[in-house]
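This report describes one protein structure for a reader who is new to the subject. Please examine the sequence and the model, and then follow the sections below.

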Amino acid sequence: MDFFMSQDSLTAVEWISRAAIGFIFLLVITKLMGQRSISQLRFLDFVMALLIGNIMAHPLSDEGLGMKGSMLTMGTLVILYLLGVYLSLHSTFIRKILDPSPISIIHNGEILYKNLKKARIPIESLLSELRKQQIEEVHKVAIALWEPGGEISFFLKPQYQPVTHQDIALPFKAFDLPIPIIEDGRVNQSELMKLNKDESWLHDQLRNSYDATVHDVLLATIDKQDQIKIYLYK
């Protein structure tokens with residue numbers, strides 16, 4: 001385990017071992033930090049990501065630096081990070097520092113320029129986010145909030161919101177998520193078993209309805225009405 005310490009030179013095996021251990025250690029650290037650090041980088045998460053990346057990169061590329069010090073430093077930072085998350089959950093004052101409140105940047109169809117500057121969002125970026133949400137005019141927005149994670153939440157005025165089944169009293173079906181039974185030319189045996197069906201039934205369906213075999217199918221799904229939809233290799 002000499003590759004943990006600094007050396008004048010490392011063999012190819014030692015470089016590979018050091019990289020593998022560093023990778024595994026980073027996976028463990030990320031797991032300890034929790035899913036929040038993966039799904040969205042907030043202020044505290046962003047600081048941690050910068051520190052961890054910088055600390056771990058040096059010993060993985062410089063043989064003169066040992067891994068022991070970097071791993072101890074990262075372990076300490078993770079403990080401080082978890083402490084910060086704990087305090088933010090139990091202290092309003094700490095939470096306001098580490099996880100600030102959303103900033104309103106559009107209110108009742110009007111752009112709040114001072115808040116836009118406070119959030120450091122250029123007008124071009126705001127327009128880009130509007131286009132991503134398929135909102136063509138600012139005046140249609142009741143309120144837009146710049147969230148701590150860096151996203152913008154838009155809420156349309158009632159007259160511009162999409163009409164739903166409930167609005168026009170139309171009957172609607174319960175949500176039905178199709179189940180994949182063939183993926184990339186391979187049958188999903190576990191899902192077929194849940195449906196009380198077998199491969200023979202599936203082959204018959206493909207042959208009779210689509211004149212296809214399993215190997216022709218990129219994706220096949222089935223709904224609660226046993227309706228199969230297939231996507232062939234193109």
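## Residues with a positive phi

Q134 counts as exposed, with a relative accessibility of 72%; exposed means over 50% relative accessible area, buried means under 20%, and partly exposed lies in between (1.4 Å probe, protein chains only). This residue is found in the loop between α7 (123-132) and β3. Although Q134 is not a glycine, its phi is positive, at about 60°. Most residues other than glycine have a negative phi.

D226 is another residue other than glycine with a positive phi, near 65°. D226 sits in the loop between β7 (217-222) and β8 (228-232). Its relative accessible area is 35%, so D226 is partly exposed.

## Basis of the model

The model is predicted: local features need pLDDT of at least 70, side-chain atom pairs count only at pLDDT 80 or more, and totals for chains, interfaces and linings use all residues. Residues are numbered from 1 along each chain as its sequence is written, and side-chain values use heavy atoms, with hydrogens and water left out.

## The chain as a whole

The protein chain has 9 helices and 8 strands. Of its 234 residues, 29% are buried. The accessible surface comes to about 16200 Å², and 60% of this belongs to carbon and sulfur atoms; such areas come from the Shrake-Rupley method with a 1.4 Å probe, and for residues only the protein chains shown count as cover.

Contact means heavy atoms within 4.5 Å. Among contacts in the protein chain between residues at least 6 apart in sequence, 51% join residues at least 24 apart.

Two strands are said to pair if DSSP finds at least two bridges between them. β1 pairs with β3 in the antiparallel sense over 4 bridges, and S104 has L145 in β3 as its bridge partner.

Strand β3 (residues 141-146) and strand β4 (residues 152-156) run antiparallel and are joined by 5 bridges. I143 stands opposite F155 in β4. In the hairpin of β3 and β4, there are 5 residues between the strands, and G150 has a positive phi near 100°.

## The sheet of β5 to β8

Which strands form the open sheet, and in what order? The sheet has 4 strands in the order β6-β5-β7-β8, with antiparallel pairing. β6 (186-187) and β8 stand at the edges with a single partner strand each, so one side of each is left without a neighbour in the sheet.

Strand β5 (residues 179-183) pairs with β6 over 2 bridges, and I182 stands opposite V187 in β6. Helix α9 (residues 199-210) lies across β5, β6, β7 and β8 and runs at about 70° to β8. For such angles, axes are lines fitted to C-alpha atoms, for helices over the stretch in contact, and angles run from 0 to 180 degrees between N-to-C directions.
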